[in-house]
Amino acid sequence: MFKSSFEKQVIDYSKIEKQKSLFSTWKNKEDFLDICDKTAATFQEKMREHTFQTSGTFYAECHAFLTLCRFFEIDVILESGMSRGNSTEIWARNFQGKIITFENMRQHYHDDVVSRLKKYDVDINFTDSNRGFKEKLEQ
């Protein structure tokens, strides 16, 4: 059969051996998963009244992140890029520590975001996060 020079070889990526995930070999994997199990119901309950905002992280990602914060005893979340405040609000509903967020350019929708987040203890900053992080860490 004749093949033109324009035909491309098709690679079946499903047959290529994949690198083993570091999570699979993490010595604390079971402890992490146990915390996920123990906190899932509370997380779900706190999220029932939440209105998901566009450009936000998903609940499962936030739950995993918050579980890692709990596992490593993190007491401050520094966020670079708040956008519409979806992940910020999810964290604020579920995190006992301090949340400091930075958004480089204030947009028209940020008035609504600031108003929505006002009931939480979130330090909202409209400045470049590189400079902002340094200033906050020096305080």
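# Briefing: side-chain contacts and surface patches

W26 has a relative accessibility of 24% and therefore counts as partly exposed, since the partly exposed class lies between the 20% limit for buried and the 50% limit for exposed. The model is predicted. A search of the whole structure gives nine aromatic pairs, and the count of salt bridges comes to seven. The points below cover rings, charged pairs and surface patches.

**Aromatic pairs**

- W26 pairs with F71, with ring centres 5.4 Å apart and planes at 65°. The pair is edge-to-face because its plane angle of 65° is over the 60 degrees required for that class.
- W26 sits in the loop between helix 1 and helix 2, while F71 belongs to helix 3 (residues 59–71), so the contact ties together parts that are 45 residues apart in sequence.
- W26 and F71 are also members of a cluster linked by ring pairs, together with F32 and F72.
- F52 and F58 form a stacked pair, with 6.0 Å from centre to centre and 10° between the planes. The stacked class applies because 10° is under the limit of 30 degrees.
- The two rings of this stacked pair fall into separate accessibility classes: F52 is partly exposed at 37% relative accessible area, whereas F58 counts as exposed at 54%.

**Salt bridges**

- D123 and K136 meet through their side chains in a salt bridge, at 2.7 Å from N to O. The pair links distant parts of the chain, with D123 in strand 3 (residues 122–125) and K136 in helix 6 (residues 129–138), 13 residues apart.
- D123 is buried, because its relative accessible area is 18% and the limit for that class is under 20%.
- D111 forms a salt bridge with R106, with an N to O distance of 2.8 Å. R106 is partly exposed, with a relative accessibility of 46%.
- D12 is bridged to K15, and the closest N and O atoms of the two are 3.7 Å apart. This pair counts as a salt bridge because 3.7 Å is within the 4 Å cut-off.

**Surface patches**

- E30, D31, D34 and D37 form a negative surface patch.
- E30 is located in helix 2, which spans residues 29–47. Its relative accessibility is 52%, so E30 counts as exposed; the class requires over 50%.
- I11, Y13 and I16 make a nonpolar surface patch of about 320 Å².
- Y13 lies in the segment before helix 1 (22–25). Y13 is exposed, with a relative accessible area of 56%.

**Accessibility of selected residues**

- Buried: D123, at 18% relative accessible area, is a salt-bridge partner of K136.

How values were computed. Residues are numbered from 1 along each chain as its sequence is written. This is a predicted model: local features need pLDDT of at least 70, side-chain atom pairs count only at pLDDT 80 or more; totals for chains, interfaces and linings use all residues. Side-chain values use heavy atoms; hydrogens and water are left out. Patches are made of residues with over 30% relative accessible area and no salt bridge: like charges are joined within 9 Å, nonpolar side chains (Val, Leu, Ile, Met, Phe, Trp, Tyr) within 5 Å. Accessible areas come from the Shrake-Rupley method with a 1.4 Å probe; for residues, only the protein chains shown count as cover. Lys and Arg count as positive and Asp and Glu as negative; His and the chain ends are not counted. The place of a charge is taken as NZ of Lys, CZ of Arg, CG of Asp or CD of Glu. Helices (H or I, at least four residues) and strands (E, at least two) are DSSP runs, numbered from the N terminus. Buried means under 20% relative accessible area, exposed over 50%, partly exposed in between (1.4 Å probe, protein chains only). Rings of Phe, Tyr and Trp (its six-membered ring) pair if their centres lie within 6.5 Å; planes under 30 degrees apart count as stacked, over 60 as edge-to-face and the rest as tilted.
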